[in-house]
Amino acid sequence: MAAEEDEDTVMGEAVTHNPNPTPLQHLTHDGASHSNGRSDPWFNTPLLGPSLKLPVQPAARVRNPQPAAAADNHTMSPPKSLPKSADSGDATAEDFVQLNDSLVEENSDWSEGEDAVAIRGLPIAQLPSGLCYDVQMRYHCEVRPTADVHPEDPRRIYYIYKELCRAGLVDDPESSRPLVSRPMKRISVRNATEEEISLVHTPDHFAFVESTKDMTDDELIALEHTRDSIYFNKLTFASSLLSVGGAIETCLAVATRKVKNAIAVIRPPGHHAEHDKTMGFCLFNNVSVAARVCQKQLGDKCRKILILDWDVHHGNGIQKAFYDDPNVLYISLHVYQDGKFYPGGDEGDWDHCGTGAGYGRNVNIPWPSQGMGDGDYMYAFQQVVMPIAQEFDPDLVIVASGFDAAVGDELGGCFVTPTCYAHMTHMLMTLANGKVAVCLEGGYNFRSISKSALAVTKTLMGDPPDRLHSTFPSKLATTTVRRVMMIQSQFWSCMYPKTPQEGGLWTDRLHDVIRAYQSKQLYENYKLTSLYIYRTAISRSFENQVLATPNYYQRNPLLVIFHDPPEIMGLPHPVTNKLEAHNCWLADSMKDYIGWAVGKGYAVMDVNIPKHVTVEPSGKYEDEEENRPTATEELAAYLWDNYIEPNEATEIFFLGIGNAFYGVANLLINRDTLYKRVNGVVSFVAENPVRAIASHTQVWLSRWYKDNSLVFVSHTHGVWNTDENRRKPSKRYGHLIQSSRTGLSEMLMHHKDEVFQWIEDRADPHESEETEEEKQPRRSPTKPGEAFAKPT
């Protein structure tokens, strides 16, 4: 009972109102102090609800007793350990003496000195977000505007600023009222100095841009035609200095915690500007100069900087500025289109990873085409951007924020929504203790850039992003991101799968090994041997890729099979990415077709179309050969002229699997008399386009193809679009049959009996016209002793 009467509170009532409080209060931009929305921080509701009551030792046992007055004027610290219950019978006097010990366990690695002087409240969250904007940056414009409005329109920044005002985020006379509780803090704009700009650009480059202020209008117009996508006027230099200065002041304000984060609505943009070149609407490289100034002024406090560039165009200028710098990580998501999308060239490809000390500090995520959307960008962020950024652990994050990938921007041609930009911003805010500076780059649709910039700004200010409606990445994005992960895995421990490092150990590519195995098996079982290819242009590509039975030139039905290499499925090790033989499977359905044809006494030509021609051994990833369709067409024409058309085959059937059918399709189109010898065409299509057979000179070719073909198409293919307004597929695509299977191997196995019967019905009626003696040798399977003839 005594213990129960002698109680004190640990939380709740123990934190009583102090008549002389000295809490650490943080000022907002207007100087007002806040704590959970109340004027007095001492009247906050207890965080743990009902107070926890613990027995306290008698005064005689208290160590270092404090005067009563002092005890009244200080809040009581929580006891450092929970004593045993007084009435449990196990409590000792030492238990009560130990009351001031730690609440944590004895073996805990918690440091008693940590958080001894904890900062109350939310000091960073109470800071305002910053905004950098100046109307003078609109003075850079065309001297003599044409009828068409230039994409880099001076009104771009005005529409963004107007959108922020309309949302009540900026304390401006034009802003909608009421304003948010903590409006954005304006960051003053200034002219960048020549010394600052020279941290990135050459003195000659600075002098060139400066010289434009003294040129005549005619000279400025003439100058435009000598430069890459840029215009000038007399105020271009002044606006450019403000744009760079605005980026510098924005980044410094964020890095020194004058604001918690910020957005700089600046122009002209800068990420294309190189150290000695203006291009792509850019004169000085705003972000690069700002990063260099922060490093120089703040030293180790801002040594490591992440520059994230989500402009739809590759930031070639930023990449070159830091290509050998180990302290600046540049990550760019951009449309690449095999180097054909602006700024062009191969610098934006995924294998450009830096050089020297900066090797591994450059990450390009090159989209193969326009049309990328939210799911693609989110997938890239979750799989590549954020893991690498977290491992890099920057001191400051600068976003080169072009909004030309936004939905509605015709120049970019992508479909990124404002919500997606908000989510990407939200993820970046988890880095560098929230020090994020967003600097405007491209974006040329007024509505798109305004809504996107608003979404980013609201997120910076603490508003959670809206829900995303589409988060599923496209196959193109998945392929690109996985390829980037593999390349970057050699630099970052968080990236998987790892690429093979022992380059000298890898000698033979598996598709060559498999073809050699196939050749051996086909010879042993059916006596298929190689046909010689004498044309120099294609002989090396298709050496040992064309096999035939010895009776290919005799009076037999002939089945010519054009196919992709067999499908291989492997389950790599999740960490090392190594494939072990027992975890790999080969799907070679063609041997069933060859076996059936040989068993019927038909002649067979088996043509394997490799996706890559091995020149020398390497462990490097290789894409499909670009000229593969052309080479396939040349091979098909060569085989027709030298091996098929001159022979005595009674019936000829073509079987095309996958993209290898391309050569057959073009052969049917380009040879006027070929249809007279061909009795049927069978094709299997899973993902690749369905080839159309049509000719301007032979208008009846499509009808012939429709009547003499079987085209099996996977049920997941786009050709089966069930839109009511869509017409049925044209006859030029052949006799289409919807397959219930998805992959080529599955389709080949599922429909083989149907194909066998179809070919047999077209070939075997001729047997009744011949005597039993004539057809017997032709229908018997090939025997090992039969001669094999070479073409002359």
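R703 and D707 share helix α20 (residues 701-707), where they sit 4 residues apart, about one turn of the helix. Helices here are DSSP runs of H or I with at least four residues, strands are runs of E with at least two, and both are numbered from the N terminus. The side chains of R703 and D707 meet in a salt bridge, meaning a side-chain nitrogen of Lys or Arg within 4 Å of a carboxyl oxygen of Asp or Glu.

This is a predicted model, in which local features need pLDDT of at least 70 and side-chain atom pairs count only at pLDDT 80 or more, while totals for chains, interfaces and linings use all residues. Residues are numbered from 1 along each chain as its sequence is written, and side-chain values use heavy atoms, leaving out hydrogens and water.

How many salt bridges are there by this rule? The count comes to 23. Here are three of them:

| Pair | N to O distance |
|---|---|
| R703 and D707 | 3.6 Å |
| K320 and E347 | 3.4 Å |
| D171 and R177 | 3.8 Å |

The salt bridge between K320 and E347 links distant parts of the chain, 27 residues apart: K320 is in helix α10 (residues 316-321), and E347 is in the loop between β7 (328-335) and β8 (362-367). K320 and E347 also belong to a network of salt bridges with E274 and K277.

Now for accessibility. Buried means under 20% relative accessible area, exposed over 50%, and partly exposed in between (1.4 Å probe, protein chains only). D171 counts as exposed because its relative accessibility is 53%. K320, at 38%, is partly exposed, and so is E347, at 26%. In helix α20, R703 is partly exposed at 41%, and D707 is partly exposed at 44%.
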